[in-house]
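Q: I would like to learn how to read aromatic contacts in a protein model. Please take me through them with an example.

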Amino acid sequence: MTRVGIIDYGMGNLTSVHNAFAAIGAAVEVLQQPELIASVSHLVLPGVGAFGDGMKNLSERGWIPAMEQFALAQKKPFLGICLGQQLLARRGTEHGDFAGLGWIPGEVVRFSGLDPSLRVPHIGWNDAIPAHRHSMYREGFDQPGVFYFVHSYHLVPDDPSVVDGWCEYGIRFAASISAGNIWAVQYHPEKSQTAGLQVLRNFLAAD
Amino acid sequence: MLRHRLIPILLLKNGLLVRSELFEIHQIIGNPLYEVQRFNEWNVDELIYLDMTREGDYDLRRDDHKTKGLADPLQILDEVSRTCFMPLAWGGRIRSVEDMRARISRGADKITLNTGAVEHPRLITDGATVFGSQAMVVSIDVRTHADGRREVFTHGGRTAPGLDPVAWALEAERHGAGELLLQSINRDGTGEGYDLDLIGAVAHAVKIPVIACSGVGRFEDYAKAIKAGASAAAAANIWHFKELTDRQGKRAMARAGIHVRQ
C-alpha cells in the first residue's frame, strides 16, 4: 500500500510538500523519528536551506542509517526535493566545504561565470527537458513541463547519464536526477502547480 | 528559458486585506483567504503576502466580513498554505530568525524583510545562513523628494534612516539577500506606472533579481518594468479591480516581447 513519508529534519517547508501529496490523494505523513521510515512505501527528503545545516541536522537527528536502509539496501522509491536533491551529492560548497550523503557521485556548485544579465539566485519558472524516455516525465507531459526553481547552487553529477531532466540557465544543469529508485528534483514540485503535482503522481507510480 | 514572473501582492492589515495609497490610506477590501484561492485557480506565478499591521494595533474586523477568527497572521498563513500550490513570500513584522522559522515551517517559501533588515542588516545574513539566500527577500520602500533626491523609508513609510536606495540595495545584496522587492511610496496606489528610473538604477547596480512594484495602472506597465531591468513585475491594487488580471497581464507582457509562462 502506498504511504508517503516526509522526513522532518528541521529544514523548512514540510507543510507545502505534505499539502501537495494530500492534494493528489496520497496517504502522507511527516516523519519525526527515523524508526518510522520502516512504515512507509515512498520516502521524501524535502528541504530549504544551506547544505551544511542540512547534513548536520540529518546526521545529528540520526536519519542517515534509516534512509540508507530504505533507499540503498531495500531500493524503495526515494525523492529528494531542492536541498534534498543537493544533499545526495558527495560534496557541497555552500558557505564552506561539506560532505554530502554521496548517493549520487558529484558536487554541488554555485552558478558562476554566467552572462551578467542572468541573475543569481535562479528564481522563477523554467523548463525541465526530459533527458530520456524513461524519465520522471514519462506520464502526463506531452511537452516539457515548466517548474518553479529557486536556488543558487546545483548538483553536477560525475556521470551525466543520471540526469533525468535538463534545465537551461546560461549553462545546462540537472533539473532532475534519477538513478534507479532514487529520484531528485532541483525545482519545487509542490510549488509548481499542475506540472509539479504530475511529477509527484509519477513518483507514486514508481515502485 | 527562464520566464519573467508576474506577481500579485496581498496587503494584510489587522486581519483584513486592504488596498494602499501612498502608504497612508488603507481601504479594506475583504477576506484574506478568498483571494489566495482565486490566484491559485488562476495558476499565478507566485504570491507575496505582506502583513502591515502595526505593533500593538487591535483587531478591527467587522462581523459582516465573515472571516474566521484570524487575528493572528500565522493562523492566516496556515490557512493560506492549505490552498496555495505556488511560491509564497511572506513579510511583515519579522525581526528574528525564529520569526522566519515560524513562517517557513507554516508554508512560506521566502521571507520578506524591510525595517528589520535596515535596523540589523546582520538579520539577512543570519536568515540566509539557515534558510539560504534564495529565501531572503529584502523589500525597499523609496520616497522621491521634491528635489528629485531618493531616500529609503522604513516602518511603513514613516521613518527615514538616511539611506540611499542604490547603496542600501548593494548592502542588502552583500549581506545575503537573494532578491529585492522595490517599492515607490510616491507611486503607491496612483496607477501612474512604475518608477522606471528607480528600477533601472537599482537593477543595474545589483546582481540579484529585482521585483518591481508600485504604480501599476495598466497591464502595459508590466513589460516596461522588465525592460527597465526588473526580473519580475509585481502589483497589488490592480489585481482587485480588474477582470482576469493574470491572463490579461501575461498577454500584455507577451505582446511586448517578454517571455512569460502562460
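A: In this predicted model, the count over all chains comes to 16 aromatic pairs, taking rings whose centres lie within 6.5 Å.

Q: How is a pair of aromatic rings described?

A: By the distance of the centres and the angle of the planes. Take Phe78(A) and Trp103(A): the ring centres are 4.9 Å apart and the planes stand at 65°, so this pair is edge-to-face, since the angle is over 60 degrees.

Q: Which parts of the chain does this pair link?

A: Distant ones: Phe78(A) belongs to strand β4 of chain A, and Trp103(A) to the loop between β6 and β7, 25 residues apart.

Q: Are the two residues buried or exposed?

A: Phe78(A) has 0% relative accessibility and therefore counts as buried. Trp103(A), at 10%, also counts as buried, because the limit is under 20%.

Q: What does a tilted pair look like here?

A: Trp183(A) and Phe203(A) are 5.9 Å apart, centre to centre, with 55° between the planes. Trp183(A) is in strand β13 and Phe203(A) in helix α5 of chain A, 20 residues apart. Both Trp183(A) and Phe203(A) are buried.

Q: Which residues do ring pairs link into a cluster?

A: The cluster consists of Phe111(A), Tyr137(A), Phe141(A), Phe147(A), Phe149(A), Tyr169(A), Phe173(A) and Tyr187(A).

Q: Where does a charged end sit over a ring?

A: Arg172(A) has its charged end over the ring of Trp166(A), 3.8 Å from the centre.

Conventions:
Residues are numbered from 1 along each chain as its sequence is written. Chains are lettered from A and ligands numbered from 1 in the order in which they are written. This is a predicted model: local features need pLDDT of at least 70, side-chain atom pairs count only at pLDDT 80 or more; totals for chains, interfaces and linings use all residues. Side-chain values use heavy atoms; hydrogens and water are left out. Rings of Phe, Tyr and Trp (its six-membered ring) pair if their centres lie within 6.5 Å; planes under 30 degrees apart count as stacked, over 60 as edge-to-face and the rest as tilted. Helices (H or I, at least four residues) and strands (E, at least two) are DSSP runs, numbered from the N terminus. Buried means under 20% relative accessible area, exposed over 50%, partly exposed in between (1.4 Å probe, protein chains only). A charge sits over a ring if NZ of Lys or CZ of Arg is within 6 Å of the ring centre and within 35 degrees of the ring normal.
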